[in-house]
Amino acid sequence: SSNYETDLFSPVIKKIEQLTQKHYSDTLEGMPHRVIADHVRTLCFGIADNVMPSNEGRGYVLRRLLRRACRYAKKLGVSEPILYKCVGDVVDVLAGHFEHLKNRKSYIEKVIRAEEESFLNTLSAGLTLFDQVVKSLKDSNQNVISGEAAFKLYDTYGFPIDLTTLLAQEKNLTVDMETYNNELEKQKERSRQGAKFEQSQLKEESSHVTESDFEGLDLHLAEDLNIAKGGECRIISDRAEKVQMAQHHSATHLLQDVLRKHLGDHVHQAGSLVDSSRLRFDFSHFESISSEKLEKIQDDINALIQQELAVSISFSSLDDAKKKGVLALFGEKYNADRVRVVDIGGVSIELCAGTHVENSKQVEHVKIISESAISAGTRRIEALAGNQNINAFLISKVTDIENRLIKEIEKLKQSKQTLLDSDIKKVVEFKTQRVETKVTNNQLEDHLLFLTIFDTKLKDELKKLAKVQGKQNESTVIQLAKESIENAKDKSCFIQEFSVSEIADLRVIADYITNKYQDSIAIIGFENQATATILIKVGKGYPRKDIHAGNLIKEVTEKFGGGGGGRFDMAQAGGIKSENLAQSFSFLETRIQS
């Protein structure tokens, strides 16, 4: 009597029962099972067809479905990712007819899991804010959640309005839906106006780009009649800047091709920035890329550049381009009758209206400078193209590290440390060399590696130096403690101010006193400009079991200001006014004697 009773769904529903430990029934109580099973199937097909969960278009439909399934899983008492665990059952049922599901099973699982984890974290943050809103209402004896608060939950935390209203009902509250809908409409209008502005700017700028701007340059010119959204449209008058723009654009194409070879065909552009000084490429992928693999990707891009691949430009209809497997930007609107195809030596073939070099050798070199996550399932690579840009970057990086290390080196001079003399000499000599003569990028790369190794050595030496100085300082502090014991008349209660500057010194003194006299209590402190610090340490054999160091500190701060706390055997307070230190000692002495 229902699709869910067929063998297309029953294995998935059985898995949901197993994961949630909740029995399925064909009544209303079984609604969560049915929703999860249906939505997971949809997610599998969508992701297998390269639709990624996102905030717009088809991706937004997938994201809404996934989040709805997560909420129904929560109704079954599950607060951890489980949807991805159902993928295998969906594939087992359907892969016989839809082979691509089987081929992409692992990838689908990774995408769904990453999106689940992201949403559950979001849900957790949203619940915290919801609880704050509820507390605020109860404190003010109100029972209506404002539309602004409900919209913030939705807009900032992805908290669905139906979940907000459901939680509100459970707490006998209502939601101001009229204001919420007004805020939602305002957001939609802002989005529409932003899109209109972007389009108008695009048309205005692209109409000013002419071929005369590119005269004399060995470049493939931008196609100003078919500039895709996101293409470079600003007016550039400097010829060198145009060359650098072309270098970065061609490098972006090579980067995408190499990423797909190393990571898989699921890699698709999710956004990019091509500038004269750098490139930024956002792409669909659900795992971080190891430094080793990133280096290999960089090496492969540079190997393609060195092959001196010819860059050719051709035009065709959109259908013909798709039949030939030309890579297109997903979700972009192209002219169906005439699209521009950029072919870099048969290695990278994409639809593109931008400016490119005529041969890959003109890119010169590519250096990847960072790789990071920008959202669930989307990574970002930032890179530089062209020897001039890379040289400037390396010089800047070397300079920053040199300046920092030279400051650290100064700390070693007073210690008469000689272990690093040869390395220190190399740092200084290279700095002089690169200022007086031009150094190559390879030399800079080698020196960066040396500086990294030297940095580790230097940190180790500074740790050793700090340890030695710490022991010397500790020895001095212990001497103060010895003198205090010698001069003390009452060996059961030591109350004294010391000429030290850190709480760590007080701890050393207190430990020494209470270890020497385990039936004693140490009440000690120091002044640091306008404030004072107090520490109380109770010896293991101290006979007064009614004395609690933490409680004593609390009494002091309540009476003389500052703040602190601690355990029964040790506590401390800071921020006490210096002029109140003597009074604090007198007060504590009286409390001990009472």
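Reader: In β5, which residue is the bridge partner of Val274?

Author: In this predicted model, strand β4 is joined to strand β5, residues 279–284, by five bridges, and the two run antiparallel. Within β5, the residue bridged to Val274 is Leu279.

Reader: What is the strand order of the open sheet of four strands?

Author: The pairing in this sheet is antiparallel. Its edge strands, each pairing on one side only, are β4 (269–274) and β10 (366–375). From one strand to the next the twist averages 15°. The order is β4-β5-β11-β10.

Reader: At about what angle to β5 does helix α10 run?

Author: Helix α10 comprises residues 239–263 and lies across β4, β5, β10 and β11 (378–385). Helix α11 (residues 291–306) also packs on the sheet, where it touches β10 and β11 and makes about 135° with the direction of β10. For α10 against β5, the angle is about 25°.

Reader: Why is α10 described as largely enclosed by the rest of the structure, and how many of its residues are buried?

Author: A residue counts as buried when its relative accessible area is under 20%. Helix α10 is largely enclosed by the rest of the structure because that label applies to 19 of its 25 residues.

Reader: What distance does α10 reach from its first C-alpha to its last?

Author: The helix has 25 residues, and at 1.5 Å a residue a span of 36 Å is expected. Just after α10, Gly264 takes a positive phi of about 130°. The computed reach of α10 is close to the expected value, at 36 Å.

Reader: Is Ser348 buried or exposed?

Author: Ser348 belongs to strand β8, residues 348–351. Beyond its neighbours within four places in sequence, Ser348 is in contact with His253, Asp257, Val342 and Asp343. Because its relative accessible area is 3%, Ser348 is buried.

Reader: How far apart in space are Ser348 and Leu327, C-alpha to C-alpha?

Author: In sequence, 21 residues separate Ser348 and Leu327. From C-alpha to C-alpha, their separation in space is 8.3 Å.

Reader: How many disulfides does the structure hold?

Author: A disulfide requires two cysteine sulfur atoms within 2.5 Å. The cysteine sulfur closest to that of Cys44 is in Cys86, and it lies 8.9 Å away, so the pair is too far apart for a bond. Cys44 is buried at 0% relative accessible area, and Cys70 counts as buried at 4%. The number of disulfides in the structure is zero.

How values were computed: Residues numbered from 1 in each chain as written. Predicted model: local features only at pLDDT ≥ 70, side-chain atom pairs only at ≥ 80, totals over all residues. Heavy atoms only, no water. Pairing = 2+ DSSP bridges. Axes fitted to C-alpha atoms, helices over the stretch in contact; angles between N-to-C directions. Contact = heavy atoms within 4.5 Å. Buried < 20%, exposed > 50% of the residue type's maximum accessible area, 1.4 Å probe, protein only. Expected span 1.5 Å × (residues − 1).
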